[in-house]
Amino acid sequence: MRGLKDKRVLITGGARGIGEAIAARFLEEGSCVVILDKDEAGCRDIKQKIPALTGTLVADVSNPIEVEQAFIEMDQMMNGLDILINNAGISMRKPFLEIDPKEWSEVIQVNLNGLFFIAQKAARIMLIGEGGVILNMGSTNGLMGYPFYAAYNASKAGVIELTRSMALELAPSVRVNVICPGYILTQMQKAEYTSEMLRDCEKRVPLGRLGKPEEVAALFVFLASDDAEFITGQYFVIDGGEIAGGLASQSPTKKL
Ligand code: NDP
């Protein structure tokens with residue numbers, strides 16, 4: 001990809017899963033990468049696993065005081081910021097009628113409020129410097145209704161609209177887009193789905209399998225690169241075709 005060498009990249013939730021794959025890919029492109037994650041042991045492990053990382057920061061994106069401190073430390077590590085990968089998020093699988101207010105707030109606090117805290121801090125730094133790119137982590141859950149994910153769905157739909165609003169206000173200095181993956185096999189999926197449920201998910205994906213974190217990482221680096229310099233305010237779905245047909249694709253006529 002063009003224009004990623006020596007770029008300073010911050011990746012939230014980068015200690016494992018999709019964030020880890022994104023970190024590895026930006027390093028391949030010659031960027032400097034700092035990971036921010038609330039998992040302290042995970043941060044230690046990832047620095048050992050990927051020694052080329054510029055650094056790791058232990059912070060909870062949903063806590064504005066921890067975010068403030070992390071950005072001070074990040075600035076000492078990289079002296080600025082060119083690309084933010086706003087990836088940290090949590091999921092909760094529960095029937096709508098059983099979600100209690102605390103659980104609802106926790107999902108919104110991390111996935112939407114936390115993403116906002118981080119994005120605002122990053123955008124302020126980028127606007128003082130030479131601009132930059134912000135890529136927010138959405139989900140196909142932000143575009144379609146999925147049962148048992150009311151809080152998660154609502155948080156990701158909020159991320160999509162927040163992205164559009166940011167893109168309008170931060171242009172032309174900062175490009176802002178949102179990536180909406182479908183089923184990607186990570187700890188998040190393994191924690192909520194049995195093997196049987198995962199096989200069922202695969203059947204619903206036209207390409208016949210779950211996605212890999214590395215495939216999502218490839219889309220992130222493209223959107224952050226100069227090859228995407230006319231793209232802002234958009235969402236990008238990477239889901240093996242899962243939502244292309246909606247309910248219509250599950251019609252019996254498919255078996256003609
Ligand atoms: P994982 O659970 O595998 O990894 C998430 C990482 O983020 C973990 O290291 C986790 O730390 C960290 N994290 C969670 N909450 C916070 C927080 N408040 N502050 C800082 N770090 C935090 O998730 P995935 O890699 O699967 O998902 C990454 C993103 O992609 C999420 O936003 C998710 O919603 C989104 N996504 C994932 C899909 C999938 O199928 N996997 C599909 C669509 C979107 P800890 O271990 O302490 O929890």
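Predicted model: local features only at pLDDT ≥ 70, side-chain atom pairs only at ≥ 80, totals over all residues.
How many salt bridges does a search of the whole structure find? The search finds 10.

**Ligand site**
- The ligand is surrounded by 29 residues, and the closest are Arg16, Asn87, Tyr152, Thr186 and Gln189.
- By type, the residues of this shell divide into 13 nonpolar, 10 polar and six charged.
- On its own the ligand has 900 Å² of accessible area, and the protein covers 94% of that.

**Elements around the ligand**
- Two or more residues of the shell come from each of α1 (17-28), α5 (150-170) and α6 (187-192).
- Of these elements, α6 gives the largest share, with three residues.

- Asp37 places a polar side-chain atom 2.8 Å from an oxygen atom of the ligand.
- Asp60 has an N or O atom in its side chain that is 2.8 Å from a nitrogen atom of the ligand.
- Asn87 takes part through its backbone: a polar atom there is 2.7 Å from an oxygen atom of the ligand.

**A salt bridge across the chain**
- Asp227 and Arg2 meet through their side chains in a salt bridge, with an N to O distance of 2.9 Å.
- This pair links distant parts of the chain, with the two residues 225 residues apart.
- Asp227 lies in the loop between α8 (213-224) and β7 (235-238), while Arg2 is in the segment before β1 (8-12).

How values were computed
Residues numbered from 1 in each chain as written. Heavy atoms only, no water. Near = heavy atom within 4 Å. Polar contact = N/O pair within 3.5 Å; in protein donor to acceptor, adjacent residues only side chain to side chain. Areas by Shrake-Rupley, 256 points an atom, 1.4 Å probe, with all protein chains shown as cover. Helix = DSSP H or I, 4+ residues; strand = E, 2+ residues; numbered from the N terminus. Nonpolar A, V, L, I, M, F, W, Y, C, P; charged D, E, K, R; others polar. Salt bridge = Lys/Arg side-chain N within 4 Å of Asp/Glu carboxyl O.
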